[in-house]
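I opened this notebook to keep track of what I looked up in the structure, entry by entry.

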Amino acid sequence: MADPIIQLENVTKRFDDFEALKGVSADIREGEFFSLLGPSGCGKTTLLRTIAGFEAPTSGQVRIAGQDMAGVPPNRRPTNMVFQSYAIFPHLDVAGNVGFGLRRSPMSAAEKARAVDEALEMVGLAGYGRRAAHALSGGQRQRVALARALVLKPRVLLLDEPLSALDKKLREQMQGELRRLQRQVGITFILVTHDQEEALIMSDRIAVMFEGQIAQMANPEMLYRRPVSRRVAEFIGVMNFLPARVTASSPAGIEVEIAGLGRATLSGDSHAEAAPGEPPSVGIRPEMLTILFGNEPETGRVAEGEVREVVYYGDMTYYEIAIDGAPGTVTVSMRNLVNRPVLRRGERTRISWDERALILFR
Amino acid sequence: MSEWRSSEAARGLALVGPTLLYAVAMLAVPLGAVLVYSFLTDGYLTIIPEFTLANYAEVFSDPIYRQVMARSLGVALAVTVATVVLAYPVAYFVAFHVRPERRSLWLFLITIPFWTSYLIRVFLWKVILGYNGVVNATLTGLGIIDEPLTFILYNVNAVVITLAHAYAPFAILPIFVALGKIDRTLLEAAQDLGESRLATFLRVTLPLSVPGVVAAVLIVFIPTVGDYVTPRLVGGPEGRMIANIIQLQYLRLDNYPLGSALAVTAMAIVTVIAVGFVLSLRRYLRVRQ
Amino acid sequence: MKGRWLRAYTVLYLLFLYAPIALLPIFAFNDATIIAFPLGGFTGRWFVELGKVPALHDAALNSVFIAAMASVSATVLGMLAACASTRYEFPAKRPIMGFIMLPLVLPEIIVGVSLLVVILRAGLHLSHWSIIAGHILIVTPFSIAILSSAFASLDRSLEEAAIDLGETPWSTFRLVTLPLVMPGIISSLLIGFTISLDEFIIAFFLSGSEPTLPVYIFGQLRFPQKIPIIMALGTILVVLSILLLVTAEYFRRRGIRRAGGQDSGGFLG
C-alpha cells in the first residue's frame with residue numbers, strides 16, 4: 001500500500017465561538033479518490049480549505065507528502081482546488097484561465113501553450129481557448145476549472161462540491177467523467193459532497209462527517225453494509241429499524257429478540273452504536289427484505305404483514321409494510337420483473353429475511 | 001504571510017485605518033474645534049480663551065437669529081416635503097414600470113442635472129423666475145397676466161423652488177432602491193387576497209418603502225437647512241438662511257465664536273429633528289425583507 | 001392605464017429637472033448683454049471672449065489641479081474603506097463607516113467653517129491644499145459608494161483561486177482584483193473630479209488669493225455685463241461634466257458586468 005499523501009493529525013478549527021473541526025485525524029493515500037461526505041455545516045468544506053491552506057488549523061497538524069504544512073500558504077502547497085463557484089476569472093478567456101497558474105513556471109511560452117491545449121483536450125474542451133469566460137455554460141465552466149487546476153500537476157486535487165450547481169443529467173455525466181479523469185491522471189482527488197449517492201458512486205474511500213468529526217471512514221461497500229452508527233446508517237441510503245432486546249451476548253454471537261421478527265443470533269461483529277439515548281434496535285436495508293409472492297417457497301426466515309403504501313418507481317417498487325407484532329412500518333424494495341405482480345394497499349404478504357443482513361444498534 | 005487570514009478584525013481595521021484617520025483629522029477634530037470656539041469670547045480679530053455662554057445667549061435671544069433659524073427649518077421642511085412627494089411617483093415609475101435593463105438609463109437621466117454646475121443652475125432660476133424671466137415672459141406673452149409677477153423671486157418661494165429642483169435626485173434614488181427591494185409576489189399576494197391596486201399600494205408598497213422615504217427625507221432635509229448659495233442668489237434679504245448668517249459672522253464680521261455657536265446650534269436642532277423623525281418611524285424601519 | 005400617467009408625469013418631471021440647463025446654451029449664444037427675454041440674435045462672441053480672461057484661465061487651472069488631487073486621494077481612501085467594509089468584520093464597523101460617510105449629509109458650510117477654524121488656528125495659510133483637504137472629505141463617501149458595489153460584486157473565490165494557483169497576495173491583487181475593480185476606480189475618479197470641479201462653498205471658505213472656477217464664477221455673477229460670458233462658460237462646463245458622467249457610467253456598468261454582477265441602479269444605489 002502506498003504512503004499517505006495527506007496526514008491529518010487531530011486537526012481542530014475554531015471560528016470565534018464555533019468549533020468547526022473537533023479533532024480530525026485521517027490518512028489519505030496517494031492516488032485514491034477520497035470523499036468528505038456530510039450534511040451542511042459538518043465541517044467538510046472547512047477541512048478541505050484547511051488542507052488547501054485557506055484556513056489555518058487552531059491545533060493539530062496537516063502533513064502533505066510528509067511535510068508539515070503549518071505556515072505554508074495556499075500558493076506554496078502542492079494542492080489545487082476546484083471551487084464550488086468555479087471561480088473562473090471573468091476578465092480572462094479560457095486559455096488565460098487555464099494558463100493562469102503557469103505564469104511563474106520556467107516553461108517557455110510555447111510549452112505553456114501546449115500544456116494549456118493538452119489540459120483543455122483532457123477535459124474535452126479542445127479548441128475553446130479563445131472563448132470568453134462569460135460565454136461558457138455551467139458544465140464548461142466546471143471543465144475549465146478542472147483543466148486550470150490539473151495543468152499545474154498538483155499532488156492533490158481538491159474539489160469543493162463541484163457538481164452541486166449542475167442539473168441532474170449533467171451531474172451524472174460529470175460524475176463518470178471525473179472518475180475517468182482521476183484514473184487517467186492518477187492524482188489524489190479529495191471531493192467534498194453532501195450527496196451520499198455521489199460519494200458512493202465515485203469514491204475509493206469515504207469519510208462521513210458530523211459536527212466537525214469523522215464518524216466513519218471506509219470504502220463505499222463497507223460504509224453501506226457495516227455503518228458504525230445509527231446516524232451513519234440513516235445518512236447513507238435507507239435503513240429499517242426494529243426495536244430489539246439483547247437476551248444473551250458472547251464473543252461467538254449475540255442473541256436478540258426482535259419485534260415482529262422474533263429471535264435471531266447475530267455474529268459478534270455486526271453491531272454498531274445506537275443514537276444517544278435510543279433503546280437498542282436492529283437495522284435492515286430495504287433490499288435485504290424480500291416479498292414472497294403467491295406460493296413462492298420460503299428461503300430463510302419469514303415474517304407476515306400488511307401492505308400500507310406502494311410507491312412505483314418504474315424499475316423498482318417500494319412498499320411500506322406493517323409487520324405483525326412490530327410498531328410502524330418497514331420499507332421493502334423489490335425489482336420489477338416480467339412475472340412479478342405489484343401488490344395493492346391492504347394486501348397481506350409474507351416477507352423473507354436473513355439474520356446475516358441484520359445489524360444491531362445498541 | 002504565514003497566517004494569511006489570521007485576524008480578520010485586525011486586517012479590516014488596518015485597511016479602514018487611513019480613511020478613518022483622515023476623517024478624524026479633517027472632520028472630527030475641526031467639528032470639535034468649532035464646538036470649543038462656540039464657548040469662547042470674541043475680542044475683535046482675536047479670540048479670548050475665556051469660557052462663556054454669551055454666544056449661545058445671543059443666538060437664542062436675538063430675534064433676527066431666531067427668525068433666520070426658524071426660516072431655515074421652514075424652508076428645509078417645505079423643500080423636503082415637496083421633493084419627496086414629487087419624487088415618489090418618479091421612483092415608483094422607474095421601479096415598477098420600466099424594464100429592468102432600461103432602469104439605469106432612466107436613473108442616469110435623472111441624476112445628470114444634479115452633477116452639473118450647481119452655482120450656474122441656481123443662477124438660472126433667477127433667470128427663469130426674474131422680472132423679465134422665462135415665467136413672466138411666457139405668461140405675459142400668452143396674455144395671462146399684464147404685469148410681471150414679482151412674488152416669485154427674491155423671497156422664500158424662490159428659495160424653495162430652487163432647492164426642490166437641486167435636491168430632486170437625492171430624493172428619487174433612495175426611494176427607488178427601497179421600492180426595488182420589495183418582493184413582487186407580496187403585491188400579487190395582496191391582490192390575490194382581494195385588495196384593489198390602490199389598497200395594495202397603501203397597505204403593502206407604501207409601508208415597505210418607508211426606509212427609502214426616511215433616507216430621502218434625511219438626505220434632503222439636513223443639507224438644505226445649511227444651504228448657502230440658493231438663499232444668497234435668489235432669496236433676497238427676506239430669504240436669508242442660517243448659512244448666510246454663519247458666513248457673515250465668519251468671513252465678514254470675523255466673529256468666530258458667534259459663528260461657531262450658530263453652526264453648533266443649527267446642527268444640534270437638525271440632529272434632534274432627524275433623530276426624532278427616525279424614532280417616530282422606527283416601527284417601519286425594523287422590517288426585514 | 002396607470003403606467004402611462006406615471007410615464008407622462010416622469011417625463012414632465014425630467015423637463016423640470018433639465019429646464020435650467022436647457023436655458024444655458026440659449027443665453028450663451030444670445031446676442032445681448034442682458035439675460036432676459038426677448039432674445040437677441042445668434043452670436044458666438046461670448047465664447048470668444050472666454051479666451052480673453054486670464055483670471056478665468058487661472059481659476060480653471062486651479063480647479064483642475066484641485067479636482068485631480070482630490071479625486072485621486074479620495075479614490076485611494078475610498079478603495080481602502082470599501083475593501084474593508086465589504087470584506088471584513090471589525091469592531092465598531094457601523095459607527096466607523098457611518099462617520100466616514102457623514103459628509104454625504106453634512107451641510108457643506110459646516111465642513112467649510114470647521115476646516116477654516118482649524119487651519120487658521122494651526123497657523124497655516126489658506127491654499128489649494130486646504131481646498132483639496134475639504135474636497136477629499138466630501139468626495140470619499142461617493143468613492144466608497146461606487147467602489148463598495150465594485151468590491152461586493154467581486155467573488156471572493158476568484159482571489160482564492162489565484163492564490164491556490166500559486167500567486168502571492170500582492171500579485172493576486174495586481175492580476176485579479178485590480179483589473180476587476182478597475183472600472184469602479186475609473187468611475188470613482190471621474191465622479192470625484194466632477195464633484196470637486198463643481199464644489200463652491202468649501203472652496204469659497206478655504207480659498208486664499210487663488211479662486212477656483214466656481215468661486216470665480218460666483219464673484220462674476222455680481223457684474224451683469226459678465227453674465228453672458230459666464231453662460232458660455234457654463235455651457236462648456238455642462239457639456240464637459242456630461243461627458244465625464246457618461247464615461248463614468250460606462251465604466252461603472254462595465255465593471256458590474258465584468259464581475260458578473262447585477263446592476264442595482266445609479267451612482268448612489
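What percentage of the 289 residues in chain B do buried residues make up? I found 52%, where buried stands for under 20% relative accessible area, exposed for over 50% and partly exposed for what lies in between, with a 1.4 Å probe and protein chains only.

Before going on I noted that this is a predicted model, in which local features need pLDDT of at least 70 and side-chain atom pairs count only at pLDDT 80 or more, while totals for chains, interfaces and linings use all residues. Residues are numbered from 1 along each chain as its sequence is written, chains are lettered from A and ligands numbered from 1 in the order in which they are written, and side-chain values use heavy atoms, with hydrogens and water left out.

**Chain B**

I counted 15 helices and two strands in chain B, taking helices (H or I, at least four residues) and strands (E, at least two) as DSSP runs numbered from the N terminus. Along the principal axes, its C-alpha trace spans about 80 × 70 × 35 Å. Of the contacts in chain B with a separation of 6 or more, 68% are between residues 24 or more positions apart, a contact being heavy atoms within 4.5 Å.

**B:Asn136**

I then turned to B:Asn136, which lies in helix α6 (residues 134-141) of chain B and counts as buried because its relative accessibility is 1%. Leaving aside neighbours within four places in sequence, I listed its contacts as B:Leu129, B:Gly130, B:Tyr131, B:Ile145, B:Pro148, B:Leu149 and B:Ile152. B:Pro148 is twelve residues from B:Asn136 in sequence, and their C-alpha atoms are 5.3 Å apart.

**Chain C**

For chain C I recorded eleven helices and two strands, which follow the pattern α-β-β-α-α-α-α-α-α-α-α-α-α along the sequence. Buried residues make up 58% of its 269 residues, and its C-alpha atoms fill a box of roughly 70 × 65 × 35 Å along the principal axes.

**The sheet in chain A**

In chain A I traced an open sheet of six strands with mixed pairing, in the order β6-β7-β8-β3-β9-β10, two strands being paired if DSSP finds at least two bridges between them. At the edges stand β6 (79-82) and β10 (213-218), each with a single partner strand, so one side of each is left without a neighbour in the sheet. Within this sheet, β7 (residues 156-160) and β8 (residues 188-193) run parallel and are joined by five bridges, and I noted A:Ile190 in β8 as the bridge partner of A:Leu158.
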